[in-house]
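Please read them with the model open.

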Amino acid sequence: RATALSRRQRRAAPVRARRVVTRAAVETAEKDPLEDLKVGAAKLVISLLPNEGGLRWVGGLLPSKFKSTFDGLVTSYKNQMMLALKGDEERAGKALTSIFKDMLTAYSGQIIGTPFDFPSHHLAIREPFDYYQMANAYIGSLIEFDRSILRYPERWTKVQEQLAAGENVIMLGNHQSEGDAAFIPLLTEVSHPGLGEQVTYVAGDRVVTDLLCKPFSMGKNLLCVHSKKHMDDDPSQKSAKMKQNLNTVKAMQRLLKKGGLLIWIAPAGGRDRRDADGQITPGNWDPAAVEMMRKLGTKKGMTKTHYYPLAMATYDIMPPPATTEKALGEERVVNFTGAGLSLGEEIDVDPATGEWAKGLGEDGDAPAALTAHVLSKVVEEYRAIEACNVPLGGPVTLPEGAIRPVRPPSVPVF
């Protein structure tokens, strides 16, 4: 069968800046002495699954609240592979089976084994199971690369140079889909090798607690926080959540002081949503989140830190529910379509010299002014790339300063 990544492709995949760590879970309960045997047996069964029917059979063994979600996802993914592979049902079936076998292998460890508990600072797990590559195969196969956009490659190169010099970079961006952490790696893998593996994402509650999200998150570098939107979901957990947020801020300070850190954060604290007219506009941001990042990066004694606005057009590859949901296990639908990234010009966040602070006055609300300024740049960049993310859309003209990202070696060919 086609594997998620052939030996030839593994040799071609970027390895620069790769950090390999072992499982860093916090064991919250006494481990079952037969756990490794049970997980190993489950993985063996999954490896022998012959086709889509086998996937659905194993999916029926998932916890009840995820069964229908998984089954619907299998159907949706198969349909989109049919589009991607121009109606070739045999190849679409092979793609589905190969990609979902890897996913089920990852899920088996969470369901049968001890669930992974994310620390405040999590490093991507690349072996013995490569969660990073699993996400690249799953999400990358849904990207229509000949309709995708990477804008201002020279700015991405500048970011690489700043990181190589030991300086920090913070990207303040909008957030549209559960798969957003995979798009910088996938769209820059060929043009800017290794950059995607360096990103550390500020991650909220859902991506580290939802069963269907967790394995994808395990393959990324994360700084884990609990957003204001979900802080009071369970009052009994509020104190623990606040404590972890404090630990995460301390970890961020240490990393920024060390230097060479690339952070992506979505100050909205959640995903963008369509409005009543079907229009998508990057959601409002929390000025407190932007101000925290400004203070951390400009603190006395801190390594030089650069700030960039980043627009992502990724909504329809893995569209979120129409409304914000507190319950886990939301319906999953996927689409084969283009994706876009546009990196704005570097922002001067100093109130004394920044363009955004001119005429603000002594009584002006500097955090709100900075937030509004950076968000306006993100919206501007988003409008230039949003046309690429329309399912079944026609040809997409490259906007000024953009290139067409190349399908990377980490995305398998079936």
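1. Lys-86 counts as exposed, at 77% relative accessibility (buried means under 20% relative accessible area, exposed over 50%, partly exposed in between, with a 1.4 Å probe and protein chains only). Its phi is near 55°, a positive value in a residue other than glycine. Lys-86 sits in the loop between helix 4 and helix 5 (helices are DSSP runs of H or I with at least four residues, strands runs of E with at least two, numbered from the N terminus).

2. This is a predicted model, in which local features need pLDDT of at least 70 and side-chain atom pairs count only at pLDDT 80 or more, while totals for chains, interfaces and linings use all residues. Residues are numbered from 1 along each chain as its sequence is written, and side-chain values use heavy atoms, with hydrogens and water left out.

3. Leu-392 also has a positive phi, about 60°, although it is not a glycine. Leu-392 lies in the loop between helix 14 (366-385) and strand 9 (402-403), and is exposed, with a relative accessible area of 73%.

4. The peptide bond from Glu-127 to Pro-128 is cis, with omega near 5°. Pro-128 belongs to the loop between strand 1 (121-122) and helix 6 (131-140). Most residues other than glycine have a negative phi, and most peptide bonds are trans.

5. Cys-213 is buried at 6% relative accessible area, and Cys-224 is buried at 2%. The count of disulfides is 0, a disulfide being a pair of cysteine sulfur atoms within 2.5 Å.
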